[in-house]
Amino acid sequence: MQEIFMRQALALAREAAAAGEVPVGCVVVREGVVVGRGRNRREEKRSAASHAEMEAIAQANGALGSWRLEECELYVTLEPCPMCAGAILNARIRRVWFGARDRCFGACGGVTNLFMENFPHSPALVGGVLEEECRQVLSGFFSGLRENG
C-alpha cells in the first residue's frame, strides 16, 4: 500500500520537475484516501514556504475542515526539512513515509531528527520507500540543471 501512495507522490515530483521546480511530491492520506496533494512551487509562487508537504497539508486541512490531521499519514519523496517537519508535528500527522534521505536539510535523520524530540504528538517515521526511484528523480533534475547551466 505504501508504494501506491509513494508513486502518486512521485508523479507530483515529476510534475514539479517539468515546471522547473525541485522535484518533490507529497500526498496526505486518511483511511486509504488521498485528501491532500502537493508539489514544490517555490519558484512559481516565489515563496520559501511553498514546499510539497506544506501544500499537501493545506489541501488536507481544507478537505477535512480541520487543522488536526491525527488520522492521516503523509507520503513524501524527500525527507522533510525542519519547516515541513514542524508543520507535520503541528498538524499531528500520525505517520510519515519518505523516499530519499536529505543530507543537507533533512529533519527526520538526515541532519537532525525533530521527531525524536519531546513533542507531545510525534509521528511514526518510515524512510526509504521507493528510495532509489525518488533519488533518481532528484539526481536527474539536478544533472539536467548542470548540463544546461
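Reader: What should I know about the model before reading on?
Author: Residues are numbered from 1 along each chain as its sequence is written. The model is predicted, with local features needing pLDDT of at least 70, side-chain atom pairs counting only at pLDDT 80 or more, and totals for chains, interfaces and linings using all residues.

Reader: Why are strand 2 and strand 5 called edge strands?
Author: Strands are DSSP runs (E, at least two residues), numbered from the N terminus, and two of them pair if DSSP finds at least two bridges between them. The five strands form an open sheet in the order 2-1-3-4-5, with mixed pairing. Strand 2 (33–39) and strand 5 (124–126) each pair on one side only, so they are the edge strands.

Reader: What makes strand 4 and strand 5 a pair?
Author: Strand 4 (residues 95–100) and strand 5 share three bridges in the parallel sense, and the rule asks for at least two, so they pair.

Reader: How do you know that helix 5 packs on the sheet?
Author: Contact means heavy atoms within 4.5 Å, and helix 5 touches strand 3 and strand 4. Helices are DSSP runs of H or I, at least four residues.

Reader: What makes the largest pocket a pocket, and what lines it?
Author: On a 1 Å grid over the protein atoms alone, a pocket is an open set of points where a 1.4 Å probe fits, with protein on both sides within 12 Å along at least five of seven lines; lining residues have an atom within 4 Å of a point. The lining has 21 residues, and among the closest to the centre are Asp102 and Phe105. Helix 5 gives the largest share, four residues.

Definitions and conventions: Side-chain values use heavy atoms; hydrogens and water are left out. Axes are lines fitted to C-alpha atoms, for helices over the stretch in contact, and angles run from 0 to 180 degrees between N-to-C directions.
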